[in-house]
Amino acid sequence: MTGKVDPFIGSEATQLPPATGLAATWWWPKPQIGNTHPGATYPLGMVSACGYSGAYPTGYGRYDLSLEGVPSTIHDSQLISGFTHFQQSGTGAIRKYYNYFRVTPMIEPLDALGRLWQITDESAEPGWYSATLDSGVTGEVTVGPKSAVHRYTFPRHANARIVIDFSLGGLSIPHGTTTPLRAHLESHEPGVASGEVVVEGAPISVYIECDSPQWRQMLWYDRRLMPGGKRLDFGHIRPTTLRPFGLMWAGPSQPGETIELRIGFSLRGVEQAKQNLIDDVGSGENRFTARREKTAKVWRKQLKTIAVDTPSVERKTVFSTALYHSLIKPCLAPGESPFWPVDGPFAFDFSTMWDIYRTQLPLLTTLMPEKAVEIANALLTICEEEGNFPIGYRMAKGSDRFSRQGSALAHTFLADLCQLGLPGIDWEWALVHMSDDLRRTYGEEFLLQGEAHPISHTLDLAFGYWCTAKVAQRVGDKAMAEQLAPLAERWANAYNPETGLLKDSNYYEGTRYNYSFRLVHDMASRIELSGGVDAFIHQLDEFFGYGAEPVVQPGNKPSVAEMLAGYQLGRFEGLNNEPDMEAPWAYHYAGRPDRTAEIVHNVLLQQFGTGRGGLPGNDDSGGLSSWYVWASLGIFPVAGQNTFLLNAPSFAESSIAVGDEKFSIQTSNFIEPTHGGPVQYVQSMQLDGVPLDRSWISGAELHRGGELLVELGPEPSDWATTVVPPSRPSPLNTVPPSLPSLSSPSLSTLSPSSPSPGTPTAGAVPTRTSAQPLTPGEAS
């Protein structure tokens, strides 16, 4: 599906058709832009490369730093000053923006370095980016796992040049630039150079080859050439002493003449950077085309892991691009850790772990299980070497992490891998670090006080104990599992029993409402805290805007009063942000999968689109895009619980390559969905020909492959209204590790009435006639 991918989606401010119906009641508190970039990438690769304008937050584009509302621009059009390496993908204010080793093709004097050229033509596809400047120069970049290859086509000029700026980094916004601490450059022979820059806590080495036999090769400092110079060394650089420096090739160019530049990168010195370049592109000249084709082939393979059937070119483009954006981060760099000497897995750019752990990491686990294991071992190594599992981990050490966003997030990821039984992880080793990590940061307050603030950390830590107990069971440490199990029950301490919502506290990028409907491991007890099924459904209906008036979204530079009024709505953020991304599936646990279908339908058809403004908010390293992928398939992972919730798919047919197996989803009575069109509801399901009256499957059922047949209809049915997904109050309540029965569990209590018929409108809030409990499915 590489031909359908549009890497430009999300790179400009949100521009979607006006929301209607239910979607018009959702409120967007965060910046209305995807913050993606169209640059060349490699699946989970270490290196990316893109045109550089200095804009926030990727270095590409037109926008200033924005924390809410419609972002302001710093450029009126698409401009670039060159092509840089290493970019974030879809993040917000992540404080580390890379954009190192800017390469600038010029026909102007060196004094013009840093000026911005208008882009007159621009193209991108997975693994390749191209921009033509108003100077007449066309630049193309492609990347390998640890390298970048540039190709520049010049007009006729007596003194064309390619300039590499070793000093540049960060963004052009206020306080956005970065200053290298130390640097070393060396010119070895014609067409060959190397260097290292220590910047933002990381030593980045490069080995450079340039195919320019007739051009002069020179070092430069402060925009002045150093003829005959072979080496530059800098130490203790400060912002006040920094002068730009780098490397240049210059000479005459003929119309259509191309110059190729190849760069190998390493965090472990120049020799390893040289070897990485050889491994990625081979030896000799003119390697651009071969590298581009090889990277494109890898992307095609990864994007073929999910196939969807739709006559809509627009919907296929949105889906393919969402899958593409889901597979860019984190960056795997095996054998590249500059912080400890051992070889083995290393990874960085877990830039928004608090988002990706719920959707993107489960997607990687499903599509690329061997890479998921590599990521897990990288996280375990980071914990062993640095003392903590990271919440956010960029290309830097320890103090560069985040902590207030969440706790024990790696535990969720590890618990899924453990319950799936994927090979390649030493679970004895993992258990040591998982149990120790729970006591750090907010963990001490949790242990001493029974809860931790921000109160969402209480939910995180309680579930972290649940996940760790599952691993303790796996290794046979019954004593530890029994010690941890009671701590897993402390999730309930986060809630106010008077309201059934979370307690007063600070909330990261949201309110108590955005966090109150998380899928905790004991949803049956969670529903009782709200006063039972009916009361819980009523709370959800209010949260999702049933019966509410349309809202006005924040504009450019919204006032404090405007933002406060929006937050006081206590409303779903509509995938403009991710703290409540799992909340639509909370209805499943109350026997109302019809409500989930309505909400998801409106998100998929109204909150995502084609074009540069096609995302409703920051993509957050694929956290947002992977939600779209799952939801479109009619599946949603309950991270850490080895459970996948089911609902109406948005494609007539789809299939997922799960390792060596295939899980296919077929439908009957399917109607191609449209913006503002009718919702489709599940009438029945069959898994491998056996009726399935429950709205979930286990991870084992998904990973073994099979066929799910979904019968759809225009009205809600009684499917999955009485058999709800499992609640697991204790991690010790576990059946043997065999696949659960495909038939529904027997009912031990009376069930609530079926959903109200008809498609609900924004003015109607259906209620149930029974408040009796639902029957949870068996744990697995």
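Visitor: On strand E3 (residues 82-85), which residues lie on each face, and are they buried or exposed?

Guide: The model is predicted: local features need pLDDT of at least 70, side-chain atom pairs count only at pLDDT 80 or more, and totals for chains, interfaces and linings use all residues. Residues are numbered from 1 along each chain as its sequence is written, and side-chain values use heavy atoms, with hydrogens and water left out. Strands (E, at least two residues) and helices (H or I, at least four) are DSSP runs numbered from the N terminus; buried means under 20% relative accessible area, exposed over 50% and partly exposed in between, for a 1.4 Å probe and protein chains only. One face of E3 carries Gly82 and Thr84 and the other Phe83 and His85, and all of these are buried.

Visitor: Which residue of E4 stands opposite Phe83?

Guide: Two strands pair if DSSP finds at least two bridges between them. E3 pairs in the antiparallel sense with strand E1 (residues 49-52) over four bridges, and there Phe83 is the bridge partner of Gly51. E3 also pairs in the antiparallel sense with strand E4 (residues 100-106), over two bridges. In E4, the residue opposite Phe83 is Val103.

Visitor: Which strands stand at the edges of the ten-strand sheet?

Guide: This open, antiparallel sheet has the order E2-E5-E6-E7-E8-E17-E12-E11-E10-E15. Each edge strand has a single partner strand, so one side of each is left without a neighbour in the sheet. The edges are strand E2 (79-80) and strand E15 (231-234).

Visitor: Which are the edge strands of the six-strand sheet?

Guide: The six strands form an open sheet of mixed pairing, in the order E18-E25-E26-E30-E27-E28. The strands that pair on one side only are strand E18 (306-309) and strand E28 (690-691).

Visitor: Which residue in the turn between E25 and E26 has a positive phi?

Guide: Strand E25 (residues 653-658) pairs with strand E26 (residues 661-668) in the antiparallel sense over six bridges. Among the bridge partners are Ser654 with Ile665 and Val658 with Glu661. The two strands form a hairpin with two residues between them, and the turn residue with a positive phi, about 60 degrees, is Gly659.

Visitor: Which residue of E30 stands opposite Ser668?

Guide: E26 also runs parallel to strand E30 (residues 706-713), to which six bridges join it. In E30, Ser668 faces Glu711.

Visitor: Which elements do the buried residues of H14 pack against?

Guide: In helix H14 (residues 533-543), the buried residues are Val533, Phe536, Ile537, Gln539, Leu540, Asp541 and Phe543. Contact is defined as heavy atoms within 4.5 Å. The buried residues of H14 pack against strand E22 (501-502), helix H12 (512-516), helix H13 (523-529) and helix H16 (593-606).

Visitor: Is Gly531 buried or exposed?

Guide: Gly531 is located in the loop between H13 and H14. Because its relative accessibility is 60%, Gly531 counts as exposed.

Visitor: With which side chain does Glu451 make a polar contact of 2.7 Å?

Guide: Glu451 sits in the loop between helix H9 (443-449) and H10 and, because its relative accessibility is 17%, counts as buried. A polar contact is a pair of N or O atoms within 3.5 Å; within protein, one must be able to donate a hydrogen and the other to accept it, and residues adjacent in sequence count only if both atoms are side-chain atoms. The contact of 2.7 Å is with the side chain of Lys503.

Visitor: What is the volume of the largest cavity, and which residues are the closest to its centre?

Guide: On a 1 Å grid over the protein atoms alone, a cavity is a set of points where a 1.4 Å probe fits but cannot get out, and lining residues have an atom within 4 Å of a point. Grid points are joined across faces, edges and corners, and a volume is the space filled by probe spheres set on the points. The count comes to nine cavities of 30 Å³ or more, and the largest has a volume of about 220 Å³. Of the 20 residues that line the largest cavity, the closest to its centre are Tyr357, Phe463, Arg518, Leu519 and Glu582.

Visitor: Which elements each supply at least two residues of the lining of the largest cavity?

Guide: By class, this lining has twelve nonpolar, four polar and four charged residues. Here Ala, Val, Leu, Ile, Met, Phe, Trp, Tyr, Cys and Pro count as nonpolar, Asp, Glu, Lys and Arg as charged, and the others, Gly among them, as polar. The elements that each supply at least two lining residues are helix H7 (409-420), helix H10 (456-475) and strand E23 (635-638).

Key: On a 1 Å grid over the protein atoms alone, a cavity is a set of points where a 1.4 Å probe fits but cannot get out, and a pocket is an open set with protein on both sides within 12 Å along at least five of seven lines; lining residues have an atom within 4 Å of a point.
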